[in-house]
Amino acid sequence: MLTDTNYQTLSSDELLEQFHRSREYSRALIENLSPEDCQAQSMEDASPAKWHLAHVTWFYEVMILKPFEENFAYWNPQFAILFNSYYNGIGDKHPRSKRGLLTRPTLAEVLAWRKNIEARVSALLKVKFSTELQWLIQLGINHEQQHQELLLTDIHHLFSNNSLFPAYSDEPVQNTLTTQPFQWIRGVSGLIEAGYEGNGFHFDNEGPKHAALNQIHSIGNRLVTNAEWLAFIEDGGYQNFKWWLDAGWAWLQTEKISAPLYWNKESKNQFFRFSLCGNAPLDMHAPVSNISYFEADAFARWASQHITSFAGARLPTEFEWEALAKSNSEYSTDLFGNVWQWTSSNYTPYPGYQPWGGIAGEYNGKFMVNQMILRGSSAYTPAGHSRSTYRNFFPTHARWQMTGLRLAKDGV
Ligand SMILES: [Fe+2]
């Protein structure tokens, strides 16, 4: 259930300002897109930009306006089905794989609906300012931020399927460079305090705060780079079963995978990488991105034996990563805002975990099986949406997110 530590105490003006800023950022993200760009769905895991814009609006309509607004009426009650993602407590859903077929409502109507809901949420906040409403609006803002990142990852995937490799932006919406030489840092070992503590917004899956045991370990001072990944490819890493988990090896054969997603060859000998800025020669100093858990795990096993400085390498646990993030600001540029980092930890509840009450109880808890934890944040993550305790999660084969890795090893 909601507790008073799940959200930040703000004045109604401050909260309104955050609300409007997040809504405007969503609109800014589609400025460079045509209605056709916003319509298409490139695969089942990805959603059209129009659907993202609508779904985050639906969230405010059903979670906030419906229970709190006097004389509430839907803009269009059918939207409650079209733009419900996975909330069984709310009702029927349009099939996820067919979101790209929703040519109605039009983008123009979705944008008009967005304005209507924004005005009504603003008006509501001016007359009611309960703790529950404050929390729900902060949840709405954070939910929209998650979909802003998904909108970019999904447009990236959509544009990668266009033979012309269109650029979304001239500005670098991409990884910063990793320049420092690799070294192992002594990790924080023994009993550590894991999980969220403080007075800001956080998701239910980040708590409760609890003791976790870190073995003596070391952790990489930086992310694994494209140059290091290329060495893995050139050594036949994708063709040698001994580096791979059995399920990963089967996935590799079925999907015919031999490089990270978005790597391609314009000429015989040189890899290019498609980003939101278009197709360009691979930047050897940039962190590798768009790899699955299977690939990250296989790379660590290979690197442990083939790169002297990586001897003993494995993936970090989520608590090894979290202890580093909480202890050492020196590495904060690599920890956040670049690529999400796979950990060897399964997505499971913390001791004492209780999902939020009400409809929001379906937000995180019901996904706690068959997924791995990623820590940090990516270049596509909106500002203000990163925390040392943030737990992202994806299945072992997923790689259309900005996902990379940082290595760890036992001992010092
Ligand atoms: Fe959502």
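Biologist: Which residue stands opposite Asp-410 in β13?
Modeller: His-217 stands opposite Asp-410. Bear in mind that this model is predicted.

Biologist: How many bridges join strand β4 to strand β13?
Modeller: In general, strands of a sheet pair through backbone hydrogen bonds, in parallel or antiparallel fashion. Here three bridges join β4 (residues 217–220) to β13 (residues 408–410), and the two run antiparallel.

Biologist: In what order do the four strands of the open sheet lie?
Modeller: Read across: β1-β4-β13-β8, with antiparallel pairing. β1 (184–186) and β8 (313–314) are at the edges. Each has a single partner strand, so one side of each lacks a neighbour in the sheet.

Biologist: Which residues make the contact?
Modeller: Among them are Leu-53, Ile-64 and Phe-68 of α3, and Val-110, Trp-113 and Leu-124 of α5. By class, the contact has 12 nonpolar, one polar and four charged residues.

Biologist: What domains does the chain have?
Modeller: The domain assignment gives domain 1 (12–160) and domain 2 (184–410). Their centres are 28 Å apart, taken over C-alpha atoms.

Biologist: How many residues of each domain are in contact?
Modeller: 20 residues of domain 1 contact 16 residues of domain 2. Helix α6 (residues 131–160) gives the most to the domain 1 side, with 11 residues. That side divides into eight nonpolar, 10 polar and two charged residues.

How values were computed
Residues are numbered from 1 along each chain as its sequence is written. This is a predicted model: local features need pLDDT of at least 70, side-chain atom pairs count only at pLDDT 80 or more; totals for chains, interfaces and linings use all residues. Domain bounds come from an automatic or database domain assignment. Two residues are in contact if their C-beta atoms, placed from the backbone, lie within 7 Å. Ala, Val, Leu, Ile, Met, Phe, Trp, Tyr, Cys and Pro count as nonpolar, Asp, Glu, Lys and Arg as charged, and the others, Gly among them, as polar. Two strands pair if DSSP finds at least two bridges between them.
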